[in-house]
Amino acid sequence: MKAKTENLMQAIISLSKQRGFMYPGSEIYGGISGMWDYGPLGLRLKQNVEKLWWRMFVENREDMYGLDSSVITHPDVWKASGHVASFADPLIDCKKCQSRFRADQIDVSLGCPDCSSHDFSEVRPFHMMFKTFVGAVEDSAAETYLRPETAQGIFLNFKNVIDSFHPALPFGIAQIGKAFRNEITPGNMLFRLREFSQMEIEYFVRPHDWEKYFEAWRTNINAWGEALGLRLQEIEVPAPERAFYSKRTIDFNFSYPFGQDELYGLAYRGDYDLQNHTKFSGKDLYYFDEATKERIVPHVIEPTFGVDRTILALLLSAYATEPDKEGTRTVLKLKPNLAPYTAAVFPLLSNKPELVLRAREIYQGLKSSLAVAWDDIGNIGKRYRRQDEIGTPYAITVDFETLEDGSVTVRDRDSMQQERVNETELAEYLRTKIA
Ligand code: GAP
């Protein structure tokens, strides 16, 4: 089981590196733990995920407002949010080999996972926010933090959005952006990073309505999982394990090769954040109901989605090796609307200028509205293999028949079946497939 686990993670890591999905951060300097860079294909995949999320949860709804707030905020934000006091993980050191662990992730009675010693330090809280300094002088007055969650930027702009747009309750504010956590034990590639992206919604509701909207968002998260083809498992998080701000949490877990763990979360934050920011900032953060003339401090339902964990889960779910005519092929069975390229265009023979010219015309025609790749290296079999490996759902070959009747061969990545499609219908054909 362990070998299989390591093999699948290793296969994803090597494919990502070789084919330009993900590169280890600062690699030429020996790397830096907990950081990964998105290569050209990984970036396309990430942008497709973010676009789909934004369309589903912001553009397609009338009750959602988008936001892009700054990563660095006034330092008091993190006092008000409770992060300065409570955003810590329990740290334990092995006194023999000096390895550090999260005390809640190891079984100390089994000894140190690295050297088996039982000589451990006391468990102590390790603060996870990255400190930084704003301004030219490195004194403590200018000290603040990189945000550990995108959520707080939303609470800071709660009143601004109300004043600009006068939304009716319930309404939500959504944001996609970076978050930073100095994790004790980063690892498992994109699973536990120190710099990562979140897609978050703070959904503001009348206090007595919270359960209804908690259920609605629970359904929405599952619908998102289905849209991506990811199997999610819900886990009700017991009170002692919930984040300090949450009155109820459901984790949406995924089966990674290293075990089942959190992919997404849904939390009921009550009025914790709005009340605390009111207290610390001295500005009243409330909603004024014009109809009833009531001042309401809304309660908050928070669905949160890790972007990088989504990418990892998609790569793991899509990865397959299977027999084909020439032996074994590696294929990423990504959904067509998420794959880095929708199609690749090939001239059948790269030494026939008339085929290359016609194929380039078709490629250029599609490129203005669709994500298409060009490939004219090696034989067709090799090109299919290369495109399968990066998950391109359709491969279009321009051959001598194309010159006569305008038809091209379209080969389906998963079934490996081919059909002839007229070049004038190609763009529509592909658009229907990715709709
Ligand atoms: N605002 C709520 C919040 O930040 P969280 O459960 O701490 O809640 C939300 O984080 C999501 O962010 C997680 O479900 C996960 O997908 C992602 N995430 C959290 N820590 C991460 C890390 N170190 N590396 C990658 N993704 C992480």
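Author: **A look at the largest pocket**

The largest pocket holds about 1400 Å³ of space. It is lined by 48 residues, and those closest to its centre are Arg 102, Arg 181, Glu 241, Ala 243 and Glu 262. Bear in mind that this is a predicted model.

So what is the lining made of? By class, you get 21 nonpolar, 11 polar and 16 charged residues. The top contributor is E13, which puts 8 residues into the lining.

Now for the largest nonpolar core. It has 65 residues, and the ones touching the most other members are Phe 21, Trp 53, Trp 224, Leu 230, Tyr 264 and Ile 301. Here H9 gives the most, with 8 residues. Domain 1 (2-75 + 134-315) and domain 2 (341-434) both supply residues to this core, so it lies between them.

Phe 21 is a handy one to click on. Skipping its neighbours within four places in sequence, Phe 21 is in contact with residues including Tyr 38, Leu 41, Leu 45, Leu 315, Leu 332, Pro 340 and Ile 390.

As for the two domains themselves, the centres of domain 1 and domain 2, taken over C-alpha atoms, are 38 Å apart. Contact between them involves 5 residues of domain 1 and 5 residues of domain 2.

Note on methods: Residues are numbered from 1 along each chain as its sequence is written. This is a predicted model: local features need pLDDT of at least 70, side-chain atom pairs count only at pLDDT 80 or more; totals for chains, interfaces and linings use all residues. Side-chain values use heavy atoms; hydrogens and water are left out. On a 1 Å grid over the protein atoms alone, a cavity is a set of points where a 1.4 Å probe fits but cannot get out, and a pocket is an open set with protein on both sides within 12 Å along at least five of seven lines; lining residues have an atom within 4 Å of a point. Grid points are joined across faces, edges and corners, and a volume is the space filled by probe spheres set on the points. Helices (H or I, at least four residues) and strands (E, at least two) are DSSP runs, numbered from the N terminus. Ala, Val, Leu, Ile, Met, Phe, Trp, Tyr, Cys and Pro count as nonpolar, Asp, Glu, Lys and Arg as charged, and the others, Gly among them, as polar. A nonpolar core is a set of buried Ala, Val, Leu, Ile, Met, Phe, Trp, Tyr and Cys residues joined through side-chain atoms within 4.5 Å. Buried means under 20% relative accessible area, exposed over 50%, partly exposed in between (1.4 Å probe, protein chains only). Domain bounds come from an automatic or database domain assignment. Contact means heavy atoms within 4.5 Å.
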